[in-house]
Protein chains: 2
Amino acid sequence: MSLDDAATKPHERMQAALRDDLVAVDALIQARMASDHAPRIPEVTAHLVDAGGKRVRPMLTLAAARLCGYAGTAHHKLAATVEFIHTATLLHDDVVDESQKRRGRPTANLLWDNKSSILVGDYLFARAFQLMVEPGNLRVLTILSNAAAVIAEGEVLQLTAAANIATTEDIYLQVIRGKTAALFEAACEVGGVIADRPEQQVRALATYGDGLGIAFQMADDLLDWGGSDGMIGKNTGDDFRERKLTLPVIRAIARADAAEHAFWQRTIEKGDQRDGDLEQAMSLLRRHGTLEETRAEAFGWSVRAQTALEVLPDHPLRDMMHDLADYVVARLA
Amino acid sequence: MSLDDAATKPHERMQAALRDDLVAVDALIQARMASDHAPRIPEVTAHLVDAGGKRVRPMLTLAAARLCGYAGTAHHKLAATVEFIHTATLLHDDVVDESQKRRGRPTANLLWDNKSSILVGDYLFARAFQLMVEPGNLRVLTILSNAAAVIAEGEVLQLTAAANIATTEDIYLQVIRGKTAALFEAACEVGGVIADRPEQQVRALATYGDGLGIAFQMADDLLDWGGSDGMIGKNTGDDFRERKLTLPVIRAIARADAAEHAFWQRTIEKGDQRDGDLEQAMSLLRRHGTLEETRAEAFGWSVRAQTALEVLPDHPLRDMMHDLADYVVARLA
């Protein structure tokens with residue numbers, strides 16, 4: 001790897017390495033999100049799809065298939081499937097969370113209405129299932145339909161866990177698997193399955209995707225608390241205000257004394273938050289060392305993802321996937 | 001057929017004939033709508049599933065498979081799939097329509113919240129896809145995923161067609177196929193596919209389901225206008241008030257003179273409705289004969305469904321399906 005390569009972000013190097021595949025996937029996404037009859041559908045999806053995002057999930061499918069030596073074109077359909085499932089969940093999430101912005105633009109529920117977001121999300125789910133059926137691989141279908149169930153279950157779990165200070169680490173892990181890691185895992189795994197690789201390598205790809213997704217989401221949750229230093233900035237504390245239970249808080253509650261427990265009950269469970277509460281919460285997390293611990297957990301999942309890659313063929317894309325696992329936690333360094 | 005049989009409603013006779021199959025399907029529905037982690041899921045679904053409905057859609061799958069001589073158990077999974085897709089669309093429909101009642105009980109969005117209805121609907125969609133993958137029949141998967149796309153597209157189309165007096169009969173047909181007929185069609189068709197019947201019979205089952213669904217929905221839309229007599233009752237005029245374009249209105253608008261057109265523009269397009277407008281609308285439908293025509297269309301689709309059955313094996317369930325096509329329009333007699 002040259003110094004120039006090292007200076008580029010790993011997902012940008014993947015984008016370059018997979019350029020032709022990504023062009024094909026984009027064409028497929030444009031074709032399949034269309035509707036002859038209901039022009040509202042491409043309007044809403046184009047708003048979201050054009051806004052970009054980094055296309056990390058479909059890239060994982062493409063990278064996994066390519067590094068496994070896959071020479072066909074079915075991976076394009078699977079990559080588009082993964083992006084459709086992701087986009088559908090974003091549309092529904094924004095309704096559920098009453099979000100106003102996504103990727104720096106007003107959300108679809110704001111520009112159109114909740115109804116359009118719900119129904120166009122359903123349409124994208126259905127289109128995703130049509131696409132995934134086309135390669136005719138039953139194992140791929142099992143993997144992706146299982147992922148869809150884990151995602152939906154995780155969303156419901158997150159809804160019912162909100163403001164519940166009895167939320168355990170187990171539940172947190174299920175929520176972030178549903179929110180992020182399940183689709184990362186499936187995206188990687190189907191790449192290996194479509195390439196017909198040995199079971200050990202397929203499992204390795206799944207483990208990589210799971211670890212990458214968990215590391216990424218834990219890092220995100222930690223950054224909402226200002227990172228492991230617990231520095232309050234303008235993007236800090238959203239989860240606290242929305243009474244979301246993430247790992248640093250869950251562990252701090254588990255170790256709380258009576259007064260601290262009363263604090264969490266008031267601020268998270270009852271939602272009675274006052275000036276200075278965010279600072280107080282932060283100081284409790286620092287006191288119990290849970291920010292630093294969450295950082296260590298995220299790095300642990302990242303290393304787990306990288307270790308899994310070892311059984312896969314030596315390939316530049318494998319190196320980029322390795323570096324991507326570094327990158328998602330590098331924000332915490 | 002004895003007089004006793006004739007006196008029983010056809011779907012009740014089907015229920016009796018398919019009792020063992022239905023018990024198995026119910027057990028599967030209970031097992032698969034559960035969630036180890038998120039108790040909110042079975043709460044919401046049980047509320048809807050227990051409220052019953054007639055289970056017409058899963059019965060069609062069971063009946064189609066049985067009359068085709070199917071002796072396996074995969075039809076149970078497909079019947080449960082069909083019911084899950086139906087239940088998921090009901091949950092989302094109630095959010096989109098801001099409904100308060102469903103099957104005589106308060107809706108889930110009212111008892112819990114819109115968020116739960118959206119996310120539990122997504123969960124049921126995902127569970128439906130998991131279930132349909134299990135029998136390992138790719139053609140079944142193509143049929144059901146296509147149906148899911150038609151359903152979702154029809155819902156979006158209905159949303160954008162609402163209050164639009166330029167809505168055509170073609171669009172109306174697409175909307176009611178999405179709303180009702182596509183799932184009826186797929187429910188019947190997969191029964192024939194899983195039983196491995198010749199193409200002609202599989203097509204016949206699909207045509208039956210399509211015709212039955214369209215006849216059913218047209219009858220429903222006509223009854224909202226008080227049936228072909230145009231009698232105003234306590235359940236009349238909901239579609240008018242909600243500015244929904246159904247066949248009797250679409251045809252009346254197509255034949256409207258300038259004054260009538262202005263009336264439809266004011267009441268449907270602008271939504272400015274006053275005392276006496278419902279009566280005025282009704283009298284326009286009667287004047288143009290569109291209630292009577294819609295009744296004839298519904299009967300036509302019912303006959304088309306029955307005619308399709310002729311190539312199928314002689315079987316008591318075939319007779320019940322025939323009678324069911326009479327029954328859905330008998331309300332209009």
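Predicted model: local features only at pLDDT ≥ 70, side-chain atom pairs only at ≥ 80, totals over all residues.
Helix H9 of chain A and H8(B) are roughly antiparallel to each other, a term used for angles over 145 degrees, whereas angles under 35 count as roughly parallel, 65 to 115 as roughly perpendicular and the rest as oblique. The two helices pack at an angle of about 160°, with their axes 8 Å apart. Axes here are lines fitted to C-alpha atoms, for helices over the stretch in contact, and angles run from 0 to 180 degrees between N-to-C directions. Helices (H or I, at least four residues) are DSSP runs, numbered from the N terminus.

Residues are numbered from 1 along each chain as its sequence is written, while chains are lettered from A and ligands numbered from 1 in the order in which they are written.

H9(A) passes H8(B) in a left-handed crossing, meaning that the near helix is turned anticlockwise from the far one by less than a right angle. Among the residues that make this contact are A:Leu141, A:Ala152 and A:Leu159 of H9(A), and B:Leu119, B:Tyr123 and B:Phe129 of H8(B). Two residues are in contact if their C-beta atoms, placed from the backbone, lie within 7 Å. The contact residues divide into 13 nonpolar, five polar and five charged. Ala, Val, Leu, Ile, Met, Phe, Trp, Tyr, Cys and Pro count as nonpolar, Asp, Glu, Lys and Arg as charged, and the others, Gly among them, as polar.

Let us turn to the whole interface. How many residues of chain B are in contact with chain A? There are 37, and they meet 37 residues of chain A. Helices H4, H6, H8 and H9 of chain B each supply at least two residues of that side, and the largest share, 14 residues, comes from H9(B). By class, this side of chain B has 20 nonpolar, eleven polar and six charged residues.

How are the chains related? Chain B can be laid on chain A with an RMSD of 0.0 Å by a turn of 180° and a shift of 0.0 Å along the axis, with the copies superposed by least squares on the C-alpha atoms of residues with pLDDT of at least 70 in both. That is the relation of a two-fold axis. Moreover, 100% of the interface residues of chain B are also interface residues in chain A, so the copies meet through the same surface.
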